[in-house]
Amino acid sequence: MTQINRIEDVYRPVDERIKDTKEVERKFFPTEIMAQASRCSDCGIPFCHGAGCPLGNLVPEFNTAVAAGDIRKGYDIISKTAFFPEFTGRVCPALCESCCTRNLNDDAVMVRQVEKFMIETAFEEGWVSLPAAESNGRTAAVIGSGPAGLFAAEALRRKGYAVTVYEKREKVGGLLRYGIPNWKLEKQIIDRRVALLEAAGIKFVCSTEIGKDISAEYIHKNYDEVVLAIGTPNARDLKIPGREAEGIYLALDFLHGAEMPDEKNPERFSAKGKKVLVIGGGDTGNDCVGKSIREGCKSVLQVEFMPKPPETRSPSTPWPDWPYMLRTSYAHHEGGERRWNVSSKQFIVKDGKVAGVEAVRVEWEMSPLGKPLKPTEVPNTTEIIEADLVVLAMGFTGVPADGIVNDLGLQLTPRTAIIPDPSRHIYAVGDCANGASLVVRAMADAKRVVGKIK
């Protein structure tokens, strides 16, 4: 029997993709996907389904269907648990793959690509629709149209609610539109799904359409249930000397600055011809590297305060846990440099503009299993990193106390997550309730919370 290996070349050629903003991943042939689905084993206890997927996707079942060439059956199976496979099939880090049983002695099954193939085939064949629901005579408002908000809206519509989704930006999508670049999630993918939700009776209202904010009084008066899905908009800043200099941007402003309606000079967000420094080593920082390369930067360096992860799974995260290990994204294959153990002390400013960062190297005390515990600055390691554009990609700290949270009379935890009040029919879902996390976890939380609403 021929051995079928996991496909490693999932991206378009580097010299091709850095010249456009189209999806970085290549399109797979049906035979490739069916062969990959056939690698799924009858492992008895499917950790991919239980310990892995927050949505509880029936991974072995849809893999079996796809391997047999029955894509419609595979799509019907995933539709039982997931509303938007076209999103998770593109941007989910595939927690299911990290705990795939094949990882014990081989490479994991390509679950994410199978998921993406099923949903794209479903759209091509016209299979995708939102099941009709008889009206229950009740109304629901969803505040925020990111992954949690969209999932909550569909879940409520399926229960028979008349649903209105409110979005503060000019277009629907939240994090999906304004936090993820086009080359990972093309925006027509979002528009395609929103059109289906609208056809099912869900109403979307963006702030630009009405020219003003919706009051809490209006929400209370007009809706029986209120679901907050406003994410964690407070970005972690770097309050060190020189922060006020021109040319220092928060990651999401840099990624989508040119699309900001009030932006008079979108060119200032461009990395063309500049020495770019990205501070922060997560996925958003990686996307900032990708943007810099696509715009023709002179150079790009990504620095991380934490130590370099091990090349293979750390003993601190045994299978089937999500492994602590080094990951190399599409952007790192495209160019630039990465460094770890870097602590930024102050920005270098010349004529009001950023010219670099004074940094120092740190060393980390590690646990016996290899988990970082405590950093210490290394004497005599101070250096100047030259940069004329700095991007801060250090994650998010939570929800502001003002705005809709204050207006609705809700409270925040010390980590600035919303405390819902079900007694007043106000719920919080996704990142605003649990802290910044993954798209799939935001959806799963919306699924859990809305599932309890009558």
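**Cavities and a sheet**

Visitor: How do the residues lining the largest cavity divide by type?
Guide: This is a predicted model: local features need pLDDT of at least 70, side-chain atom pairs count only at pLDDT 80 or more, and totals for chains, interfaces and linings use all residues. Residues are numbered from 1 along each chain as written, and side-chain values use heavy atoms, without hydrogens and water. Ala, Val, Leu, Ile, Met, Phe, Trp, Tyr, Cys and Pro count as nonpolar, Asp, Glu, Lys and Arg as charged, the others, Gly among them, as polar. The lining holds two charged, two polar and 11 nonpolar residues.

Visitor: Which helix gives the largest share of that lining?
Guide: Helices are DSSP runs (H or I, at least four residues; strands are E, at least two), numbered from the N terminus. H4 (59-67), H7 (95-98) and H8 (111-125) each supply at least two lining residues. The largest share, three residues, comes from H8.

Visitor: Which strands stand at the edges of the open sheet of five strands?
Guide: Strands pair if DSSP finds at least two bridges between them. The order is E3-E2-E1-E4-E18, with parallel pairing. Each edge strand has a single partner, so one side is left without a neighbour in the sheet; the edges are E3 (203-206) and E18 (426-428).

Visitor: What is the bridge partner of Val 227 in E18?
Guide: E4 (residues 225-228) and E18 pair in the parallel sense over three bridges. In E18, Val 227 has as its bridge partner Tyr 427.
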